[in-house]
Number of protein chains: 2
Amino acid sequence: MLRDIYLESTPLREALSEWTERLNSEGLLRPLPSETIKIIDSLRRVTAEAIIAKISSPFYHSSAMDGYAVRFVDTFGASERSPKRLKIGEQAVYVDTGDPMPDVFNAVIMIEDINIVKCPLTNDLSANSSEEYIEIISPATPWQNVRVIGEDIVATELIIPENQRIRPVDTGAMLASGHTEIKVRRKPKVAIIPTGTEIVEPGTELKKGDIIEYNSRILGNIVSEWGGEYIRYRIIPDNLKELKTAILDVHGKCDLIVVNAGASAGSEDFSAKALKELGEIILHGVSIKPGKPVILGLVKGKPVLGIPGYPVSAFITFNLFARPLIYKWQGLDVREPEMLKAKVSRQIASTLGQEEFLRVKVGKVGDNFIATPISRGAGIIMSLVRADGFVRIPAMSEGIGAGTEADVELIRSKDDIENTIVCIGSHDNALDLLANILKKRYPKYSLSSAHVGSMGGLIALKRNEAHITGTHLLDEETGEYNVPFIKRLLSDKKVLLINLVYRQQGLLVLKGNPKKIKGFEDLTRQDVVFVNRQAGAGTRLLTDKCLRELGILEKDVKGYEREEYTHMAVASAVLTGVADTGLGILAAARALDLDFIPVAKERYDLAIPYEFFKTDMIQNLIGIIREDEEFKRMVLGLGGYDISDIGKIMYED
Amino acid sequence: MLRDIYLESTPLREALSEWTERLNSEGLLRPLPSETIKIIDSLRRVTAEAIIAKISSPFYHSSAMDGYAVRFVDTFGASERSPKRLKIGEQAVYVDTGDPMPDVFNAVIMIEDINIVKCPLTNDLSANSSEEYIEIISPATPWQNVRVIGEDIVATELIIPENQRIRPVDTGAMLASGHTEIKVRRKPKVAIIPTGTEIVEPGTELKKGDIIEYNSRILGNIVSEWGGEYIRYRIIPDNLKELKTAILDVHGKCDLIVVNAGASAGSEDFSAKALKELGEIILHGVSIKPGKPVILGLVKGKPVLGIPGYPVSAFITFNLFARPLIYKWQGLDVREPEMLKAKVSRQIASTLGQEEFLRVKVGKVGDNFIATPISRGAGIIMSLVRADGFVRIPAMSEGIGAGTEADVELIRSKDDIENTIVCIGSHDNALDLLANILKKRYPKYSLSSAHVGSMGGLIALKRNEAHITGTHLLDEETGEYNVPFIKRLLSDKKVLLINLVYRQQGLLVLKGNPKKIKGFEDLTRQDVVFVNRQAGAGTRLLTDKCLRELGILEKDVKGYEREEYTHMAVASAVLTGVADTGLGILAAARALDLDFIPVAKERYDLAIPYEFFKTDMIQNLIGIIREDEEFKRMVLGLGGYDISDIGKIMYED
């Protein structure tokens, strides 16, 4: 059934069922054969057989008390009125807790319940010729104070069933039931072949055009977490013959072959060709975003996945198409991801006809979970590092409206999410330091920042979508920072304003200032390209104020329309020649070794609604801001900061 | 501050804070020193430093499209009316997606948006002397279709903070940002010393009095799951000198020393003595149950935990007193266990003054979570294997009333619990097979059985505490099985009755029937001890019916008051000499190689309320009962079963 397919656009659900049904019909979706291993090495492996107790535990009757073992029949009739005596050595034998019961005995009388009496054999009272007895005043019941055989485990009893992931207690119970070795599923093995002429090993001296290979480590480590193991093949250049050789080379050593990159339809994409020549393509192209150009194939009875090169595409397609196999091969069911209902903070448009996997940050603000979309580029690995989960936008949808409730597939625990301070607003490098110190001092808590500008931050506070906002909004009329804006926007909330820093804003230029830029007046020059900040950013307001004061029109500034969301992005644009200058803070200039032309000193505060200010996590954050010497030292080390008011309440309503 | 303390009864909260505060004051609760490892080996390790990007990613501008790289200034003025031509090789250069941008260019025009035109240099039209141009009809904006440097990661940016457990995506992002090695926390090392003269290695030829050592593997594997590693010392006999030598031997090789067993106050308990002679005891004895005789000590600047020998006590005390250390040492916070509110199915009395850790099974029946207490013995490792969680009964409480809502600390996932069929009722060996086959065919689902007898099962159905009930209740009046009881007890529910098996009940006796027991009439003999089933069990009703028919009084049957909860427990009691005979099914006799004196053939059905019958998990179970050939074969293999009506609906209301 060799089909000649070339970048279709099969709906995900169809693609998944075609893939698994095909593998199933080839007998490739059965649990893998078992292997015998020692129980002491079996943690997290999966049983390939029901573990049945070989022996009982305990496997002998043992005393559960310190006392005397007796035959219960010998105790009949004992009472306070007529105590009964049993001869030590014959009718009663001393036992410690845990001692095996002497053969003919079947009850234990606690040491506290007996008297030892000596009866002389004759009238001669010398110890040698006396006999000792225990004296009891109530009869024993059969097997009282005895741990009988099988009290814990009865031989032939089921300890754990087949297809169970082994936990620490299971190892103990299996050992207790007489086993030392058991059959577990062989670990599924995934061979990952990184391909691409431009791909280089991490640690290589980099030259332009090189791309560091790291997808194989992400995918391989995911396999480890699922319970399998991975073989990482050496990097194969874009060469059909070498790729075919590599596939055949790993063919006998693994259960699944993954070819990473080259899955698309470009002139240097050889995966499809290799698969067609060596075996067959089941399907090429799934209507998901990112991750469309995935290839599902079969080579001589072995599944082969061709997955796209962009890291997010690789991550998503691998999770979709490899996970069911790795779990089935272990005899396990794929666990459903933890789901959470969250309000989406802003409108998201999505392409009709493609199921989109939107990465979101999730925060719990008050009683609501808020999902904020993050970067959608398939090439942005940091979007996965920062993500708390995915929202799937169905193929038949054009997007999600702001405020809509969406289902989030979590990739971080709900617990972690609930312990995360959501900071939305203006960006400052000191916030990154704060995030790191918070995690260092209080590992339980995280600070997550989204950079939407001061104004956007205050609006997020108003909508109950953030706990705190970094803001540096100058009211031109009063000359006052932040307070007038809070009064205007957040009149219905009790908000505190805490100073973080005063900081220097200025124009960032390349080291040595090659274009001799002196100030905003130079932005109209033909040879000067500017990079701007997004609307609503305090820095954008400052830019516009400076231009207005000089009577410069926006349209006369080249690059005015190119917007970045952080000071560091502006600095990077200048460093890398995307722009000649942009407005930013001194710390950003220092970080990337740029020159800095001062423009203004401004106040950067944190606005915090009182209801959140009281919480343990925000109190700890404030504690760091106010008292942590390492934090203050690091902030000053960034350059351009005045921390004379750090932690001070600037306003309280 | 050497204190001479001997088995106190310190409240848990106090003990915990004394322990951690003391270690803290000795400087022993700080994160461990770091070690440098390769990122490719760093999965699940914990960062010991903030990981800051060394390089940007991408670190060069690259084309995001197939097309022509241009200088955007050269494109000014292009329009449909006056297209602009740029000379290929000088003003425009072809680039593939991902190619580095040629040096002077700063925009890419998609291949779809241009025309290639040839302009002869002279009037000579030969190809060699012509020049090629691209023709465009709209201007380019700066950096359009270019992946600029730092689009993913900007050098100096925070990749992941200190104290983060490394996930697969983190390894990728760290590699992408130019690192190959990072600093992580050294793994905490726990040395576990098993002690006890009666303790033997698993696999040893066992003799009476031996106890298989397995606690060290449970505790060690728990350490692995927390992110640490363990050293398991050889078994040390109850000998003070050898124990002291062992402690000193591991002292330099680990961060925590655990001495398992010998923590109590008996004559052979040397842990406390060893600790006092080598260092000091911080605390001995905590008012918890199980786990009271725990020892918290310090030897030459190293924490030492003396924990009790019973597996459940060891598990609980180790979790309480070791976990905070292992987490703190990694720079992590102890994660709170997942909690669940569940209705406790029956009343539990508890000792005043001791905080009890009650193991419970949890099931979701309808909309309610139901917690059912399981065996409370500290020696029952299977109680941990079977448990879904713990309910803590506070020291100041005398117990929990039936139907009360309790907080359960889960040790199994909520997901697993929701996919568990709760079967409460009569026991039959075929149920164990069914549990195993269900897990084999549908790894997602589990069958959990509690054995409370047929009557108890029907009452559980009535109270919405079970999904299904195994029942074999004979109505003496009508001679009918089960139906009259369902009509009487479950009149408010629509219930289906499905046959599982017909089975043989009989008296179990030792192989060869040494006491020559022929029937119930022999139970009055002086030399015959009987073992009974619990009240409410179908088998108990059958026993009582047989005795009544013979006119035998309960008081004349020795052992009548000793009750077991399963057929296998009765069989085990006969096999091990606890009793001479008891009533049970043929399968139990076969399993333990006993002789069997047939008494009656009876019908064993499953009662299932219709609302549960419809669910996917029960439908799959019924599917196995009706159609699974392996299951049927295994049931017949047990012996004594007639499966002619297996899966048949016997009653439906």
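How many residue pairs are in polar contact between chain B and chain A? In this predicted model, the count is 34 residue pairs, both residues of each pair being at pLDDT 80 or more.

**View 1. Chain B and chain A as two related copies.** Chain B is superposed on chain A by a rotation of 180° with 0.0 Å of shift along its axis, at an RMSD of 0.2 Å. That is the relation of a two-fold axis. The copies meet through the same surface, because 100% of the interface residues of chain B are also interface residues in chain A.

**View 2. The extent of the interface between chain B and chain A.** In this view, 92 residues of chain B are in contact with 92 residues of chain A, and the area buried between the two chains is about 8,100 Å², with carbon and sulfur atoms giving 62% of that area.

**View 3. Charged pairs across the interface.** Eight salt bridges are found across the interface of chain B and chain A, and one of the salt bridges joins Asp103(A) to Lys208(B), whose closest N and O atoms are 3.0 Å apart.

**View 4. Elements of chain B on the side that touches chain A.** Among the elements that each supply at least two residues to this side of chain B are strand E11 (158-160), helix H2 (168-176), helix H3 (215-226), helix H9 (429-441) and helix H13 (567-575). H2(B) gives the most, with eight residues. Taken by class, the side of chain B that touches chain A has 47 nonpolar, 18 polar and 27 charged residues.

Technical notes:
Residues are numbered from 1 along each chain as its sequence is written. Chains are lettered from A and ligands numbered from 1 in the order in which they are written. This is a predicted model: local features need pLDDT of at least 70, side-chain atom pairs count only at pLDDT 80 or more; totals for chains, interfaces and linings use all residues. Side-chain values use heavy atoms; hydrogens and water are left out. Copies are superposed by least squares on the C-alpha atoms of residues with pLDDT of at least 70 in both. Contact means heavy atoms within 4.5 Å. Buried area is the accessible area (1.4 Å probe) that two parts lose on being put together, summed over both. A salt bridge is a side-chain nitrogen of Lys or Arg within 4 Å of a carboxyl oxygen of Asp or Glu. A polar contact is a pair of N or O atoms within 3.5 Å; within protein, one must be able to donate a hydrogen and the other to accept it, and residues adjacent in sequence count only if both atoms are side-chain atoms. Helices (H or I, at least four residues) and strands (E, at least two) are DSSP runs, numbered from the N terminus. Ala, Val, Leu, Ile, Met, Phe, Trp, Tyr, Cys and Pro count as nonpolar, Asp, Glu, Lys and Arg as charged, and the others, Gly among them, as polar.
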